Each structure stands twice: as C-alpha cells, then as structure tokens.
Amino acid sequence: MKKIFITFILLSNIAGITCAEDPKMYQEDLATSTSQKETPTIITHNIFDDRMVLKGYSQKYKDVPKDVLLEMIKDDTLDPFKTAAAVRVFNENYSQEVVSSEKKQIEKILLRRLNKTDSPFVEVEIMFTLCRIDRYRYFKSMAPALIQKLNHYNEAINEIASEHITALIQTGNNRAREARIIFNTLRKILFLERRRLADITVPPPKLARKLKSLRWSIKALGNEYLKKLPKEVVPLL
C-alpha cells in the first residue's frame, strides 16, 4: 500500500499535480487550455464612415414627429450623431413650416444645443438649420461659422459644411449682402494661408471647396473684388 502511495506521488509530480490538487480539475484546465490554443482570439476593429453613420440615423428618424425631434435635440445624454441626425431631419421636414408662435422656442432649443455641444456634426447641422429658419437674422453669424468648418481636419465635416454653404448660396438669389459676408470670411482665411498657397498649382479638396464659394461671391459682387484678395489666390481661381 505504501509503495502504491509513493508511486502516485511520483506520477503526480511528473504530471505537475500536487497532492493538494484534484486530478479532475487539472483535466478540465488542460482541456480549456487546449481549446484556447486551438481557437485563436480574433480582434475586430469597427471602421466606419462618419457620413454613413449620420445618414443611417437620418433615415431612421425620417418619419419622427416634430415634437419628438425637438425633445431629442434637447436631450443632453443623446449620442452626438443621433442629435445631428435629429437636427437634419427637423431641418428637412419642418424648418420651412415653423410658425411665428413657435419660432422663438425652436430657435432657443437649437441655440442652447449649439452652445453646449462639442460635436462639429451637430454644429454644422444647427448652423444650417438656423439659416433656413431665419435667413436674414442668422446668415451673418452662421455662414462664416460654416465656412470656418472648411478647415476642419475631418473630411466629412468639410464636405457637409461645403454642401450646406452651397445650398444657402443656391437659395439666396445672389444677394450682395450675403456675398460680401462670404467673400470677407474667405478673404481673411486665405490671407492667413497665403504662404502655403504660393506653392500650390492644383487645389486640394479643402482649398477647392473654399474657392468654389469664393468664385460665387466674386461673381455676385464684381471682378473688382479680385484686387482685395491675396495675389497667390488669383491664379488658383
């Protein structure tokens, strides 16, 4: 009996099991370890397009009633992409139907969200929406802010801001007041970039979007405004 016990201890030590351990537990650990080795861990990365995310939420909310959209915009805990989508759907479906009795309240909701948000997606959607609700009142402040977004590092923000500026231009009847606002804003930006512009022959996308709006403003104001631009910009036009 003593020989059998000693033999068991020796075999246990060879297998890496102490007397205090349960052999069944070891078998279970070994099976688990083998299973983990045979099934390598696969790490996936979610790579997505910001514009597609915003578009997806906008599609989802396209039939949401106006009062619900406004409550979503007011919600401080809502995901920024969902907030931006709610603003976009409100703009598309209801911004041109706002009556005077509710206008101030809606503007207050949008301005509050604009002041509190850190999301450029929410910002560009609210800026555009305010211009559509009351173009005369908000164009002077919101159009330059949209133009500033043409310098944003995120390509999607650049594209969305440019599309909103283009939409405002196309619905503005070439008003000289609005053309001067856009021209003066772009002129200041381009003066700050003039050294870099000297080495450019083919405008990159960011610059091309600025030049597109600049061309419209010069067309609306007259070619004499070319003299007010940095000399490096004129060949690019």
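## Asp-76 and Arg-113

In this predicted model, the side chains of Asp-76 and Arg-113 form a salt bridge, with N and O 2.6 Å apart. Asp-76 belongs to the loop between α4 (66-74) and α5 (80-94), while Arg-113 is part of helix α6 (residues 100-116), so the contact ties together parts that are 37 residues apart in sequence.

The two partners fall into separate accessibility classes. Asp-76 has a relative accessible area of 45% and is partly exposed. Arg-113, at 7% relative accessibility, counts as buried because the cut-off for that class is under 20%.

## Glu-178 and Arg-135

A salt bridge also pairs the side chains of Glu-178 and Arg-135, with an N to O distance of 2.7 Å. Glu-178 lies in helix α10 (residues 176-192) and Arg-135 in helix α8 (residues 135-148); the pair links distant parts of the chain, 43 residues apart. Both Glu-178 and Arg-135 are buried.

Glu-163 and Arg-51 form a salt bridge whose closest N and O atoms are 2.9 Å apart. This pair, too, links distant parts of the chain: Glu-163 is in helix α9 (residues 155-170) and Arg-51 in helix α3 (residues 50-60), 112 residues apart. Glu-163 is partly exposed at a relative accessible area of 40%, and Arg-51 is likewise partly exposed, at 24%.

Through salt bridges with shared partners, Arg-51, Glu-155, Glu-159, Glu-163 and Arg-209 are joined into one network.

## Total

How many salt bridges does a search of the whole structure find? The search finds 18.

Key: Residues numbered from 1 in each chain as written. Predicted model: local features only at pLDDT ≥ 70, side-chain atom pairs only at ≥ 80, totals over all residues. Heavy atoms only, no water. Salt bridge = Lys/Arg side-chain N within 4 Å of Asp/Glu carboxyl O. Helix = DSSP H or I, 4+ residues; strand = E, 2+ residues; numbered from the N terminus. Buried < 20%, exposed > 50% of the residue type's maximum accessible area, 1.4 Å probe, protein only.
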